[in-house]
Amino acid sequence: MRANRSRRPSVMTPWRWVLLVSLSIIVILTALNVYYRSVQSPVWEEERNAEDQAMQVGSLSGVDSSYHYVWDEPVWVVKGKDHNNDITYVWLKNEESITLRADQGKTKAEIKDSFMQSKPDALIEHIKLGLFGGEPVWEVFYERNQAGEETHFYEFYRFRDGSFVVSYKLPTR
């Protein structure tokens, strides 16, 4: 028979396992954060540059929001307030810009109300400002059920007066 030997205590106690797992999670989260920031930094830099440019050319005192918009050509749409505290939009193209106060055109709510009166069965995905044919427009992207199929559409309305410009129907699957 074998002699009863005492076992040496394990190096990995429950407390050490908790510590190891915790440190591993921290290292993984830190690495993911560093990766995310390195991937996003060029986008953030471009957005900052567009906002700075809009503040200069549009005489904005502050910026509320901005986004990159592409239809005919790439453009930055920046919303801010001018020195009179009026809401102002700036469309930044490559070599030129368009600056209009919100009161010089239709609001998003007005476009939505007008649109829903003409198409009450539509499900609006988004309404946003853009540029179509070099002119500021409201883009309405929506879905309708036609003949049992869900069909998506883009419709454009002039920013200044809300008049209809054009509609595009996307092919169904």
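**View 1. The β5-β6 hairpin and its turn.** Strands β5 and β6 form a hairpin with two residues between them, and G133 in the turn has a positive phi of about 60°. Strand β5 covers residues 123-132 and β6 covers residues 135-146; the two pair in the antiparallel sense over nine bridges. Here, two strands pair if DSSP finds at least two bridges between them, and helices (H or I, at least four residues) and strands (E, at least two) are DSSP runs numbered from the N terminus. Look for L131, which stands opposite P136 in β6. A friendly note on the model: it is predicted, so local features need pLDDT of at least 70 and side-chain atom pairs count only at pLDDT 80 or more, while totals for chains, interfaces and linings use all residues. Residues are numbered from 1 along each chain as its sequence is written, and side-chain values use heavy atoms, with hydrogens and water left out.

View 2. Four strands make an open sheet in the order β1-β2-β3-β4, with antiparallel pairing. Its edge strands, β1 and β4 (97-101), each pair on one side only. β1 and β2 pair over nine bridges, and H68 stands opposite W76 in β2. Helix α1 packs on this sheet and touches β1, β2, β3 and β4, where contact means heavy atoms within 4.5 Å.

**View 3. Two loop residues with positive phi.** S59, in the loop between α1 (14-57) and β1 (60-70), has a positive phi of about 50° although it is not a glycine. N85, in the loop between β2 (74-82) and β3 (87-92), likewise has a positive phi, of about 70°.

Key
Axes are lines fitted to C-alpha atoms, for helices over the stretch in contact, and angles run from 0 to 180 degrees between N-to-C directions.
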